[in-house]
Amino acid sequence: MKLLSLFFIFLLLCMKPILAQEDVDSWPTVLHGQLKALEKAQLEQWPAHADTLLMLGREHPGEWLLQYYAGWAYTQLSFRAKGEKKEAYCELAAPFVKRALELQPENTESLTLMSYWLSARINADHSRGAALGMESRHYADRAISADPSNPRASLMKALNIYYTPAIFGGGKKRARAAVVETGEKFARFTPVNELAPNWGKNIYEHLNASYQ
């Protein structure tokens, strides 16, 4: 009996690394499921999915995509939220946005997400506009330089110009060229795979509609 117990202990110890590897290998499937769910989710359903992405990001701190999507989900929630929740969601997004940029500092999507998150911080507290507006534009410009074809990078540039007061060189009229360029880039864009960033077209469409 003792020999049998020792055998089972040995078997469990051998299986543990295998189970751990299966957990590591399964995150793309979980991520894909969460992204598909978010495509159809109503606003009240978003926090649960964002929390799942948060847990995935914490479990796999070295995986750029998980850091990226956790930061993106809470940034999206901040823009959709009201009152103090705007700031709370920005705070939840912060470590993931920064970690994604740390892992891939020259990646056009990392830079775009940082620009987007900074804009969310301005949206949460408009008094930050003067300081963070220029910083957000800086990251958008870097994202465009990293990949001129990225429509989300152009979208961030267009939004920055659109919401900058005309007295400081922005405004709706000055943003028009950037908005048109963004639309052309979205029309040509195809994500490289199912997990690659593919958001922002609805934001562009809402922005473009303001010119109609």
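1. Is Ala146 buried, partly exposed or exposed? In this predicted model, Ala146 comes out as partly exposed, with a relative accessible area of 41%. That value falls in the middle class because buried means under 20% and exposed means over 50%. You'll find Ala146 in helix α6, which covers residues 129–146. Setting aside residues within four places in sequence, Ala146 is in contact with Glu106, Thr108 and Leu111. Take Leu111 from that set: 35 residues separate Leu111 from Ala146 in sequence, yet their C-alpha atoms are 8.7 Å apart in space.

2. Now the overall picture. Of the 212 residues, 43% are buried. As for contacts with a separation of 6 or more, 63% of them join residues 24 or more positions apart.

3. As general background, nonpolar side chains tend to be buried together in soluble globular proteins. Here, the largest nonpolar core holds 57 residues, and the ones with the most contacts inside it are Leu31, Leu53, Tyr69, Trp72 and Trp117. The helix that gives the most to this core is α3 (residues 64–80), with 10 residues. If you click on Tyr69, look for Leu31, Leu35, Leu53, Leu195, Ala196 and Pro197, which Tyr69 touches once residues up to four places away in sequence are left out.

4. Have a look at Thr75 too, another residue of helix α3. How accessible is Thr75? Its relative accessibility is 0%, so Thr75 counts as buried. Beyond residues up to four places away in sequence, Thr75 touches Ala93, Val97, Leu113, Tyr116, Trp117 and Ala120. Trp117, one of the residues in that set, is also among those with the most contacts inside the largest nonpolar core.

5. Lys86 is buried but has no salt bridge, and the nearest side chain of opposite charge, that of Glu87, is 10 Å away. A salt bridge needs the nitrogen and the carboxyl oxygen within 4 Å, so Glu87 at 10 Å does not qualify as a partner for Lys86. What does Lys86 touch, not counting residues up to four places away in sequence? The residues are Ser78, Phe79, Ala81, Asn123 and Ala124.

6. Next, the charged pairs. Side chains of opposite charge can pair when their charged atoms come close. The count here is 7 salt bridges. One of them joins the side chains of Arg152 and Glu109, at 2.9 Å from N to O. This pair links distant parts of the chain, with Arg152 in helix α7 (residues 151–163) and Glu109 in helix α5 (residues 108–124), 43 residues apart. Arg152 is buried, at a relative accessible area of 0%, and Glu109 counts as buried as well, at 8%.

7. Two other salt bridges sit within single helices. Arg137 and Asp141 meet through their side chains at 3.5 Å, N to O. Both residues lie in helix α6, 4 residues apart, or about one turn of the helix. Arg137 is partly exposed at 30% relative accessible area, and Asp141 is partly exposed at 32%. In helix α8 (residues 172–188), Lys185 and Glu181 are also 4 residues apart, about one turn. Their closest N and O atoms are 3.7 Å apart, and the pair forms a salt bridge. In this case Lys185 is buried, with a relative accessible area of 7%, whereas Glu181 is partly exposed at 34%.

8. Last, a helix pair to check by eye. How do α7 and α9 pack? The angle between α7 and helix α9 (residues 201–209) is about 35°, and their axes are 11 Å apart. The crossing of α7 past α9 is left-handed. On the α7 side, Leu155, Ala158, Leu159 and Tyr162 make the contact, and on the α9 side Ile203, Tyr204 and Leu207 do. Helix α7 is also where Arg152 sits, the partner of Glu109 from α5.

Key:
Residues are numbered from 1 along each chain as its sequence is written. This is a predicted model: local features need pLDDT of at least 70, side-chain atom pairs count only at pLDDT 80 or more; totals for chains, interfaces and linings use all residues. Side-chain values use heavy atoms; hydrogens and water are left out. A nonpolar core is a set of buried Ala, Val, Leu, Ile, Met, Phe, Trp, Tyr and Cys residues joined through side-chain atoms within 4.5 Å. Buried means under 20% relative accessible area, exposed over 50%, partly exposed in between (1.4 Å probe, protein chains only). Contact means heavy atoms within 4.5 Å. Lys and Arg count as positive and Asp and Glu as negative; His and the chain ends are not counted. Axes are lines fitted to C-alpha atoms, for helices over the stretch in contact, and angles run from 0 to 180 degrees between N-to-C directions. A crossing is left-handed if the near helix is turned anticlockwise from the far one by less than a right angle, and right-handed if clockwise.
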